[in-house]
Amino acid sequence: MLPFVSLIIPTYRREAVLRATLRDALQQEYPAYEIIVVDQTAAHEPETEAMLAELSAAGKLTWLRVGWASLPRARNVGIQQAKGDIVVFVDDDVQMSPDFLARHARHYQKPEIGAIAGRVLDRLKLADDPDLLIEQLPPEASDPAIAWYHLDLVHTVQPQRVLSARGCNMSFRRSLFTQHQLWFDERFRGSAVREESDVCLRLRATGLMIWYDPAAWLVHLGEETGGCHDLSTRSPRYQISFYHNHFWLGLKNLTAAQCLRFFAKLFDCHVLGNPPCNKSGHPLKVLMRLVFYLVGFLAAIGTATSAKLLALTCRL
């Protein structure tokens, strides 16, 4: 018997691409699924508003309007609303084939599978290296200290076990959240980069695996605005939250030795600009990135301290 699937789409400040994503969601050939839209947009364009209202009134999707913008919180709200045994997460700027949900759901007949990572046909990354095809990911992709620089779910073409999924195309057993308490950590800020990595690292404690299936693909458009951030501005707030989230991921999930390796690689790649980041090596830009790196680290220390104080208070 096929599991019932909840397709959860968090959205923020997206219009035409959201409408296109919803049309693909409605055309899924899978026989037992629901669509949940967690809408963080204060005011939509009339066409988007009308589409969401019409589909909601017709019972074709659940439209949850919230008054805040937080990707991990939106994911949690979607899970709480979900009726499915499986929850599938996609972004609000993707293109899906009609068999997309079926390709995720088919794996959950195997009890050892806890999550599926789908292939992400990211138009920007594919344009950078259109001829690259990876059969097997390198051993470094399974090392939680440096995996994030080797875990390529864009160019990899063979199914295999992986350490993490990408947030725009991933699915989980809902019981991981309701029974194992693997909720998305709402302390990941801004664009919430690494919030899915945090869940995937914690999933290891359940004994279940994350399986990568390149056949469960989608196209990620990578729109420059919306999605809880604005990629075109690279504002100081974005930069600080970017580094905060990486440091928080490490402090929360890694050993001291792993943290040192992770933070060193973060510095080498994102501050100095060495491969695979390939950023400008101009001294002023490096200095600016160093400032954001240090402020982000201090912010993560503050988050960790608050978490420890909260845990201590709960024990008392």
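Modeller: A disulfide is counted where two cysteine sulfur atoms lie within 2.5 Å. The model is predicted, so local features need pLDDT of at least 70 and side-chain atom pairs count only at pLDDT 80 or more, while totals for chains, interfaces and linings use all residues. Residues are numbered from 1 along each chain as its sequence is written, and side-chain values use heavy atoms, with hydrogens and water left out.

Colleague: How many disulfides does a search of the whole structure find?

Modeller: In general, a disulfide is a covalent bond between the sulfur atoms of two cysteines. Searching the whole structure gives one. Its partners are Cys269 and Cys277, with sulfur atoms 1.8 Å apart. The torsion about their S-S bond is about 100 degrees, so this disulfide is right-handed. For accessibility, buried means under 20% relative accessible area, exposed means over 50% and partly exposed is in between (1.4 Å probe, protein chains only). Cys269 is buried at 0%, and Cys277 is partly exposed at 21%.

Colleague: Why is Cys168 too far from the closest cysteine sulfur for a bond?

Modeller: The closest cysteine sulfur to that of Cys168 belongs to Cys200 and is 12 Å away, which is too far for a bond. Cys200 is likewise in no disulfide. Cys168 is buried, with 4% relative accessibility, and Cys200 is buried with 1%.

Colleague: Next, a helix. Which residues of α2 are buried?

Modeller: An α-helix has 3.6 residues a turn, so residues three or four places apart point the same way. Helices here are DSSP runs of H or I with at least four residues, strands are runs of E with at least two, and both are numbered from the N terminus. Helix α2 covers residues 46-57, twelve in number, and spans 16 Å from first to last C-alpha, close to the 16 Å expected at 1.5 Å a residue (1.5 Å times one less than the number of residues). Thr48, Met51, Leu52 and Leu55 are its buried residues. They share a side of α2 because they cover an arc of only 95 degrees around the axis, taken from the directions from the helix axis to the C-beta atoms. Pro46, Glu54 and Ala57, on the other side, are exposed.

Colleague: What do the buried residues of α2 pack against?

Modeller: They pack against α1 (16-26), β2 (33-39) and β3 (62-65), where contact means heavy atoms within 4.5 Å. After α2 comes Gly59, with a positive phi near 75 degrees.

Colleague: Where is Ile35 found, and which residues does Ile35 touch?

Modeller: Ile35 sits in strand β2 and is buried at 3% relative accessible area. Leaving out residues up to four places away in sequence, Ile35 touches Leu7, Ile9, Ala25, Leu26, Lys60, Leu61 and Thr62.

Colleague: How many residues of strand β8 are buried?

Modeller: Five of the five residues of β8 (169-173) are buried, so the strand is largely enclosed by the rest of the structure. Asn169, Ser171 and Arg173 lie on one side, with Met170 and Phe172 on the other. Strands pair if DSSP finds at least two bridges between them. Strand β4 (86-90) pairs with β8 in the antiparallel sense over five bridges, and Val90 stands opposite Asn169. Strand β6 (113-122) is also antiparallel to β8, through three bridges, with Ile116 opposite Ser171.

Colleague: Last, the backbone. Which residues other than glycine have a positive phi?

Modeller: Most residues other than glycine have a negative phi, and most peptide bonds are trans. Arg13 has a positive phi near 55 degrees and lies in the loop between β1 (5-11) and α1. Arg194, with phi near 80 degrees, lies in the loop between α6 (175-178) and α7 (195-203). Arg13 is partly exposed at 49%, whereas Arg194 is buried at 17%. The peptide bond from Pro275 to Pro276 is cis, with omega near 5 degrees, and Pro276 lies in the loop between α9 (256-271) and α10 (283-315).
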